Structures are given as C-alpha cells and as structure tokens.
Amino acid sequence: MPQISYKIQELTVGQLSARSGAAVSALHFYETKGLISSRRTAGNQRRYDRDALRRVAFIRAAQRVGIPLATIREALAELPDERTPNKEDWARLSETWRGELEQRIKQLTRLRDHLDDCIGCGCLSLANCALSNPDDLIGMQGAGSRLLVES
C-alpha cells in the first residue's frame with residue numbers, strides 16, 4: 001500500500017483509490033451518492049480531505065455486511081462535518097443495524113435450508129416452500145395450482 005506523507009492534507013482520486021483499495025469508479029460513485037465529498041482545483045481535479053480514507057473504509061466495511069448505501073449515507077450524515085467515523089461511531093451504528101442483519105441471516109439460512117425442496121417443482125404453492133411463496137395459505141390445501149372460485 002503506497003504511503004502518503006502526513007504533510008499532504010488532500011488526496012487525489014488516484015491516491016485515495018490506492019490507499020483505500022476502492023476503484024476510482026467506486027469513489028466517483030460514492031461521491032455521486034453523497035457518501036464522500038471532494039473539492040475541485042482550478043484545473044477541475046478532485047481533491048479529497050484525508051478523512052475520506054476512513055469514510056471509504058467505513059463504507060466498504062458496512063457494504064461487506066450487507067448494509068445498503070442509502071443507510072450508510074444516513075449514518076454518515078449523522079456525523080459532524082470534517083469528522084471521520086471512529087470506533088464509538090461504528091459500535092453505535094452497528095448496534096442499530098444488528099436487527100436488520102439478524103433478519104437477513106434468518107432469511108438466508110431459511111433459503112439455504114430449503115433450497116433443494118423447491119428446485120424444479122414449479123408449483124409455487126408447496127406448504128413448505130421457503131423460496132417463492134413462504135406465506136402461502138392456499139398451499140396448505142395441497143400441492144399444485146388452485147383455482148379460487150367465488151360463490
């Protein structure tokens with residue numbers, strides 16, 4: 001990983017990419033989504049404050065655990081300007097995300113455990129179908145399609 005002198009307070013997009021491990025295109029995307037910001041030089045080149053390094057690390061860590069970018073943006077917006085997320089911020093935010101992550105884990109475990117049950121059946125109404133129609137009440141009447149006739 002390239003070292004950048006502490007005397008340099010602003011980073012080019014290439015330096016930020018090299019240090020953070022994020023592609024330049026990802027950094028541009030993060031910027032368009034309001035996750036990081038830059039200023040423009042007289043030559044219209046982007047310059048990022050050094051705190052962008054920690055913000056990008058924060059974004060990537062949150063993405064790795066499945067947090068949507070909109071939720072990450074909301075979390076970063078709660079921080080004061082010019083302040084990087086620290087350990088306490090991550091602990092507080094990760095606690096708020098814990099319930100959402102637990103729900104995703106539960107759904108993925110259910111998907112994994114029932115994946116073989118429904119492959120190829122095509123009925124979409126099995127009582128135990130956890131993939132395509134997990135809350136199907138009509139499926140309790142039996143497998144296969146059902147025609148509802150109102151009297």
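The structure is a predicted model, in which local features need pLDDT of at least 70 and side-chain atom pairs count only at pLDDT 80 or more, whereas totals for chains, interfaces and linings use all residues. Residues are numbered from 1 along each chain as its sequence is written, and side-chain values use heavy atoms, with hydrogens and water left out.

The chain contains 5 helices and 3 strands; helices (H or I, at least four residues) and strands (E, at least two) are DSSP runs, numbered from the N terminus. Along the sequence, these elements follow the pattern β-α-α-β-β-α-α-α. Of the 151 residues, 29% count as buried, where buried means under 20% relative accessible area, exposed over 50%, and partly exposed in between (1.4 Å probe, protein chains only).

The 3 strands form an open sheet in the order E1-E3-E2, with antiparallel pairing. At its edges are strand E1 (10–11) and strand E2 (39–40), each of which pairs on one side only. Two strands are taken to pair if DSSP finds at least two bridges between them. Strands of a sheet pair through backbone hydrogen bonds, either parallel or antiparallel. Between E1 and strand E3 (residues 46–49) there are 2 bridges: glutamate 10 stands opposite aspartate 49, and leucine 11 has tyrosine 48 as its bridge partner. E2 is likewise joined to E3 by 2 bridges, with arginine 40 opposite arginine 46. The hairpin of E2 and E3 has 5 residues between the strands, and in this hairpin asparagine 44 takes a positive phi near 65°.

Helix H3 has 14 residues and reaches 20 Å from its first C-alpha to its last, close to the 20 Å expected at 1.5 Å a residue; the expected span is 1.5 Å times one less than the number of residues. Its buried residues include Leu53, Val56, Phe58 and Ile59. Just after H3, glycine 66 takes a positive phi of about 90°.

A search of the whole structure finds 1 aromatic pair. Phenylalanine 58 and tryptophan 97 form this pair, which is tilted, at 6.4 Å centre to centre and 55° between the planes. Rings of Phe, Tyr and Trp (its six-membered ring) pair if their centres lie within 6.5 Å; planes under 30 degrees apart count as stacked, over 60 as edge-to-face and the rest as tilted. Phenylalanine 58 counts as buried because its relative accessibility is 6%, and tryptophan 97 counts as buried at 5%.

The structure holds 7 salt bridges, each defined as a side-chain nitrogen of Lys or Arg within 4 Å of a carboxyl oxygen of Asp or Glu. Arginine 46 and glutamate 31 meet in one of them, at 2.9 Å from N to O. Arginine 46 lies in strand E3 and glutamate 31 in helix H2 (residues 24–32), so the pair ties together parts that are 15 residues apart in sequence. In another, the closest N and O atoms of arginine 92 and glutamate 78 are 3.2 Å apart. This pair links helix H5, which holds arginine 92, to the loop between helix H4 (69–77) and H5, which holds glutamate 78. Arginine 92 is partly exposed at 37% relative accessibility, whereas glutamate 78 is exposed at 53%. A further salt bridge joins arginine 98 to glutamate 95; both residues lie in helix H5, 3 residues apart, about one turn of the helix.
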